[in-house]
Amino acid sequence: MPALVFQEQEQRDGRAFDEISDAVDQVNVQKGKLWDDSSDFDNAKDKAAFRQYESACDRVKNFYREQHEKQTVEFNIAARVAFKNRKRVRMSVWAAMEMLNTLVDESDPDTELSQIEHLLQTAEAIRRDGKPEWMQVTGLVHDLGKLLFLFGSEGQWDVVGDTFVVGCKFSDKIVLPHTFAGNPDAQDPVYSSEYGIYSPHCGLDDVMLSWGHDEYLYHVLKDQSSLPEEGLAMIRYHSFYPWHREGAYAHLTNDKDRAALAAVRAFNPYDLYSKSDAPVIAEELRPYYEGLIAKFFPPEIDF
Ligand SMILES: O[C@H]1[C@H](O)[C@@H](O)[C@H](O)[C@@H](O)[C@H]1O
Ligand SMILES: [Fe+2]
Ligand SMILES: [Fe+2]
């Protein structure tokens, strides 16, 4: 596509994103709102202190370099095949939360807390704001996909961190975008083109996001929970910051993705800004959350 046409396309897509935001509000109103999308964090002063990647420590920068170099189309296809053929591990949601506790997420510049604390802080922030039980429990489980790390991942680079689209040009809205220079797909004539292997507005269902904890947990829970579609969207796209925060990829999304965007944006402040909340005591909160878990999940899940 010539540069000028590109620019026009981008302007249209930028507008499209604003229109989507307005439409999202409308959808919420029409639905009688499963939740209200304001949050206690709306007025938080120090939001700008989060997600500072350019000034992050080497641990975080090295993580993203490795992830951005290794998440190729070829790898992503192989990861999905491996996922289908894997041996599954059966356990309760709470046991999964405890099992995950050994992981310290190398991609995260904002917390060094254990995963169980992050899950409980997220859920507690949602609860404090009076949001529905399904959303609280979504907060409680949203990062359980990081169990992948203990189930035969290649490292942390195929488990944690933000997600992005593979199979088309790497967006410059992804954090530390220069690190894609070492990804072989950046040199591939098809994979490095604006649309790559996709067609305009094909919809996120038909787009391959970099493999990690979001996609994994979505597939695990979609048939093993009674979470509403909005909860499943929160899980599936919560790391897709280039889309839900930066407005990238509007040329690939369609009408169906609007509701998902509304859900993910409503969820995001709880996931991100609760990282600086006061510490929680897991055992004290356990009875309340075991009660919620029992409402939305079977006693054991095949992970
Ligand atoms: O470092 C974080 C962390 O790995 C989160 O679980 C993920 O959802 C975020 O997108 C990422 O930036
Ligand atoms: Fe996450
Ligand atoms: Fe999280």
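Where does Leu176 lie in the chain? I looked it up and found Leu176 in the loop between helix 6 and helix 7.

**Before going on**

I note that this is a predicted model, in which local features need pLDDT of at least 70 and side-chain atom pairs count only at pLDDT 80 or more, while totals for chains, interfaces and linings use all residues. Residues are numbered from 1 along each chain as its sequence is written, chains are lettered from A and ligands numbered from 1 in the order in which they are written, and side-chain values use heavy atoms, with hydrogens and water left out.

**Entry: the overall layout**

I began with the secondary structure, and the chain has eleven helices and two strands. Helices (H or I, at least four residues) and strands (E, at least two) are DSSP runs, numbered from the N terminus. Reading from the N terminus, I wrote down the order α-α-α-β-α-α-α-α-α-α-α-α-β.

Then I checked burial. Buried means under 20% relative accessible area, exposed over 50%, and partly exposed in between, with a 1.4 Å probe and protein chains only. The chain has 303 residues, and 54% of them count as buried.

Leu176 counts as buried, because its relative accessibility is 4%.

I found a positive phi at Arg51 as well, near 55°, and Arg51 is not glycine either. Arg51 sits in the loop between helix 1 (3-30) and helix 2 (58-70). With a relative accessible area of 14%, Arg51 is buried.

I checked the burial of both: Asp143 is buried at 3% relative accessibility, and His238 is buried at 4%.

**Entry: cysteines**

How many disulfides does the count come to? I got zero disulfides. A disulfide is a pair of cysteine sulfur atoms within 2.5 Å. For Cys168, the closest cysteine sulfur is in Cys202, 8.8 Å away, so the distance is too far for a bond. Cys168 is buried, with a relative accessible area of 1%, whereas Cys57 is partly exposed at 39%.

**Entry: aromatic rings**

A pair of aromatic rings is described by the distance of the centres and the angle of the planes. Rings of Phe, Tyr and Trp (its six-membered ring) pair if their centres lie within 6.5 Å; planes under 30 degrees apart count as stacked, over 60 as edge-to-face and the rest as tilted. My count came to 16 aromatic pairs. One of them joins Phe164 and Phe180, with centres 5.0 Å apart and planes at 80°, so the pair is edge-to-face. Both Phe164 and Phe180 are in the loop between helix 6 and helix 7, 16 residues apart. Phe164 is buried at 0% relative accessible area, and Phe180 is buried at 4%.

Next I looked at Tyr288 and Tyr289, an edge-to-face pair with 4.9 Å from centre to centre and 85° between the planes. Are these two buried or partly exposed? Tyr288 is partly exposed at 30% relative accessibility, while Tyr289 is buried at 0%.

I also traced a cluster in which ring pairs link Phe41, Phe50, Tyr270 and Tyr273.

**Entry: one last distance**

I finished at Ala233, which lies in helix 8 and is buried at 10% relative accessibility. Ala233 and Leu221 are twelve residues apart in sequence and 11 Å apart in space, C-alpha to C-alpha.
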